[in-house]
Amino acid sequence: MTPRPSTFSIVARDPDQNAVGVAVQSKFISVGSVVPFVSADAGAIATQSFANVAYGPDGLDLLREGHTAEQVVERLTEADDEAESRQVGVVGQDGSIAAFTGDECFDVAGDIQGATYTVQGNILENEETLDAMAEAFETTDGGLPERLLAALHAGNDAGGDKRGEQSAAMYIAKPEGGYDGGNDRWVDVRVDDHEHPIDELERVFKLYDITLLERAEPDETISLAGDTATEVCETLADLGFYEETPSEEFDDSAVGALESFRGMNNFENHSLGVLEDAIARGWDDAAGDGEARLVEAIWHGLSRLERK
């Protein structure tokens, strides 16, 4: 028998960024290779519950041809003899939204639609999983990635997948959003097998965000000083980048160490001044220690700046 991934997902659109995306978690290996299909010129589709992966490319083609999400769902399911075992969510770049949950999907299964999103799930612990996802997406501040991740966390916390956790993915497209503007793959991160895949997905996304996504330049920057400068220098020393005695002054040697850290981690997407400013602003909010805390601080410090 073909495995049926027990899955919950959200498909959503951000009109301000002209972006569309899918976030998904499942007790299934490498759910990112099965569920999400996204294209900036069409929309986003999640196909799950004994997934028919042809729904992805076929549905995106229909959206490009001008069909609404409702028409896409109707066309896909009418042509599929096993549609009652399927579940699909569709959001078009035209703003249309639709979903389908077949009568043969394993309980608890269902879907909910909002103004710019649809959430769907099967083999769920409870119906509250979908309610929590919808509420989190609607009430979370930040951009589309933050809101999608918040929906996954909320769904999991409310009950989530009845069989547990294994993999997660987030895929967002927007015009020229990919590396160096060469394609529309704005955010593409996944965790194929992990004890806590949503937590790991968020960690990987923050690295991806710092490394690959552009932010607006800050109106002003601040320098590291005081206890924060000492702690950052100690961290850089522990990582092998700083050889002086840490102090409350972030001097030229410390700046050089930060520059080495930036180069080693491919964070050249941000100037050294912006990176120092981000650490200064984000250090107290960052958890963990060592490199993990430095990365977390940078992400928190950059978060006030709008993504381009």
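The legends below describe close-up views of a predicted model.

View 1. When neighbours within four places in sequence are left aside, the residues in contact with Asp80 are Asn52, Tyr55 and Arg86.

**View 2. The open, antiparallel sheet of 6 strands.** The strands follow the order β7-β8-β1-β2-β9-β10, and their pairing is antiparallel. The edges are taken by β7 (110–113) and β10 (185–191), each of which has a single partner strand, so that one side of each is left without a neighbour in the sheet. On average, and with direction ignored, neighbouring strands of this sheet are turned by 5° against each other.

**View 3. Pairing of β9 with β10.** Strand β9 (residues 167–173) pairs with β10 in the antiparallel sense, over 6 bridges. Within this view, Ala168 stands opposite Val191 of β10.

**View 4. Helices α4 and α5 on the sheet.** Helix α4 (residues 144–158) packs on the sheet, where it touches β1 (6–14), β2 (19–27), β9 and β10, and its direction makes about 25° with that of β2. Helix α5 (residues 197–212) also packs on the sheet and touches β1, β2, β9 and β10, while its direction makes about 145° with that of β10.

Conventions. Residues are numbered from 1 along each chain as its sequence is written. This is a predicted model: local features need pLDDT of at least 70, side-chain atom pairs count only at pLDDT 80 or more; totals for chains, interfaces and linings use all residues. Side-chain values use heavy atoms; hydrogens and water are left out. Contact means heavy atoms within 4.5 Å. Two strands pair if DSSP finds at least two bridges between them. Helices (H or I, at least four residues) and strands (E, at least two) are DSSP runs, numbered from the N terminus. Axes are lines fitted to C-alpha atoms, for helices over the stretch in contact, and angles run from 0 to 180 degrees between N-to-C directions.
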